Amino acid sequence: MHAREQQRTMRPPAADPVALESARLMEAILHLADLISEVVQEEKALIARPEGGDFSALVARKSHLALELGKLMQLAEGKIPTERVRQRLATLSAELAANERLLRRHMDAGYEISSLIGEAIEQSTADGTYSSQIARRGSQP
């Protein structure tokens, strides 16, 4: 047999379809983890801006990505075969925990500010300046 004939008759070994599918699944998990991290970074930047911003789009994206990640994790059936994927998911978990703490502080601050404003309004009306009785009968000298 000539070398050329040998090359034509020799075929590369067939790829293991299970291993190939697992590798694709792990790459998809890594990709989603990266996308979630990006959203968390955007959220942190939005909180830091003095003018604030609209969180609804970020929350929707983060929820959607988390749902997709959950679906992929179900497909993986709890088996994460590579250390790289395990490490990435551990890092993502830590990022999300830190993000949760940041969001909680941000929400607590908003609640505190609205409480202070509410108390100020209450105190300003307590002296009778804006009472409903004066508004009904009119001011009398």
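The model is predicted. The chain has 141 residues, of which 19% are buried. Its secondary structure consists of five helices and zero strands.

**Chain overview**
- Along the sequence the elements run α-α-α-α-α.
- Among contacts with a separation of 6 or more, 66% are between residues 24 or more positions apart.

**Helix α3: extent**
- Helix α3 covers residues 56-75, a run of 20 residues.
- From the first C-alpha of α3 to its last, the helix reaches 29 Å, close to the 28 Å expected at 1.5 Å a residue.
- After α3 comes Glu-77, which has a positive phi, near 55°.

- The buried residues of α3 are Leu-58, Lys-62, Leu-65, Leu-69 and Leu-72.
- These residues lie on the same side of α3, because they cover an arc of only 85° around the axis.
- Lys-62 is buried along with Leu-58, Leu-65, Leu-69 and Leu-72, each residue having under 20% relative accessible area.
- On the face of α3 turned away from the buried side, Gln-74 and Leu-75 are exposed.

How values were computed:
Residues numbered from 1 in each chain as written. Predicted model: local features only at pLDDT ≥ 70, side-chain atom pairs only at ≥ 80, totals over all residues. Heavy atoms only, no water. Helix = DSSP H or I, 4+ residues; strand = E, 2+ residues; numbered from the N terminus. Buried < 20%, exposed > 50% of the residue type's maximum accessible area, 1.4 Å probe, protein only. Contact = heavy atoms within 4.5 Å. Expected span 1.5 Å × (residues − 1). Arc of directions from axis to C-beta.
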